[in-house]
Amino acid sequence: PIVDGSGLTESEIDEVVKQRAALFRQCYQRALDHKPGLGGKIVVRFRIGGDGIVIPDRTAFADGTTLRDDDVEHCVASNINRLKFPARGGVANVKYPFLFVQGH
């Protein structure tokens, strides 16, 4: 992840996201069942408030996204918005890449 702002470190953010890796994988797997061969990268931009809660209206997809699928994007974004990070008092702007490849 790329983090801009005060508050959380890259490793703290990575740890929380990786704890929920199965949820993000399910987003992809559901789409893959209907679209064999689907794959690519989704780069998500999101903002974490000082209370550790994601600010949902700031979640978007950044340059570098190659997997263009509305269902996968919506599912990934809704799961990002439910993540809870440690409260550090500062806002963190995050750019986080997800790579979805069949068979991994």
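Student: Is the crossing of α2 and α3 right-handed or left-handed?
Tutor: The crossing of α2 and α3 is right-handed. Keep in mind that this is a predicted model.

Student: What angle do α2 and α3 pack at, and how far apart are their axes?
Tutor: The angle is about 165 degrees. The axes of α2 and helix α3, residues 70-81, are 9 Å apart. That makes α2 roughly antiparallel to α3, because an angle over 145 degrees counts that way.

Student: Why give both an angle and a distance?
Tutor: Because two packed helices are described by the angle between their axes and the distance between the axes.

Student: Which residues of α2 and α3 meet?
Tutor: From α2 come Leu23, Phe24, Cys27, Tyr28, Arg30 and Ala31. On the α3 side they meet Val72, Cys75, Val76, Asn79 and Ile80.

Student: New topic, rings. How many aromatic pairs does a search of the whole structure find?
Tutor: Five aromatic pairs turn up. Take Tyr28 and Phe100. Their ring centres are 5.2 Å apart and their planes are at 25 degrees, so the pair is stacked.

Student: Where in the chain do Tyr28 and Phe100 lie?
Tutor: Tyr28 is in helix α2, residues 21-34. Phe100 is in strand β4, residues 92-100.

Student: Are Tyr28 and Phe100 buried or exposed?
Tutor: Both Tyr28 and Phe100 are buried. Phe100 has a relative accessibility of 3%.

Student: What about the rings of Phe98 and Phe100, how are they placed?
Tutor: Their centres are 6.2 Å apart and their planes are at 5 degrees, so this pair is stacked. Phe98 is buried too, with a relative accessible area of 8%.

Student: Which residues form the aromatic cluster?
Tutor: Phe24, Tyr28, Tyr96, Phe98 and Phe100 form one cluster. Phe24 and Tyr28 are also among the α2 residues that meet α3.

Student: I see Tyr96 there. Which residues does Asp14 touch?
Tutor: Asp14 touches Pro1 and Tyr96, leaving out residues up to four places away in sequence. Asp14 sits in helix α1, residues 10-19.

Student: Why does Asp14 count as buried?
Tutor: Its relative accessibility is 19%. Buried means under 20%, so Asp14 counts as buried.

Student: Let's switch to Arg47. Where does Arg47 lie?
Tutor: Arg47 is in strand β2, residues 40-48. Arg47 is partly exposed, with a relative accessible area of 22%.

Student: Which residue has a polar contact with the side chain of Arg47?
Tutor: The partner is Asn93, through its side chain, at 2.6 Å. Beyond four places in sequence, Arg47 touches Ile53, Val54, Ile55, Arg58, Val91, Ala92 and Asn93.

Student: How far apart are the C-alpha atoms of Arg47 and Cys75?
Tutor: They are separated by 17 Å. Along the chain, Arg47 and Cys75 are 28 residues apart.

Student: Last one, Thr59. Where is the place of Thr59?
Tutor: Thr59 is in the loop between β2 and β3. At 17% relative accessibility, Thr59 counts as buried.

Student: Which side chain does Thr59 have a polar contact with?
Tutor: The side chain of Asn81, at 2.5 Å.

Student: And which residues is Thr59 in contact with overall?
Tutor: Leaving aside neighbours within four places in sequence, Thr59 is in contact with Val44, Arg45, Phe46, Val54, Ala77, Ile80 and Asn81. Ile80 is also one of the α3 residues that meet α2.

Key: Residues are numbered from 1 along each chain as its sequence is written. This is a predicted model: local features need pLDDT of at least 70, side-chain atom pairs count only at pLDDT 80 or more; totals for chains, interfaces and linings use all residues. Side-chain values use heavy atoms; hydrogens and water are left out. Rings of Phe, Tyr and Trp (its six-membered ring) pair if their centres lie within 6.5 Å; planes under 30 degrees apart count as stacked, over 60 as edge-to-face and the rest as tilted. Helices (H or I, at least four residues) and strands (E, at least two) are DSSP runs, numbered from the N terminus. Buried means under 20% relative accessible area, exposed over 50%, partly exposed in between (1.4 Å probe, protein chains only). Contact means heavy atoms within 4.5 Å. A polar contact is a pair of N or O atoms within 3.5 Å; within protein, one must be able to donate a hydrogen and the other to accept it, and residues adjacent in sequence count only if both atoms are side-chain atoms. Axes are lines fitted to C-alpha atoms, for helices over the stretch in contact, and angles run from 0 to 180 degrees between N-to-C directions. Angles under 35 degrees count as roughly parallel, over 145 as roughly antiparallel, 65 to 115 as roughly perpendicular and the rest as oblique. A crossing is left-handed if the near helix is turned anticlockwise from the far one by less than a right angle, and right-handed if clockwise.
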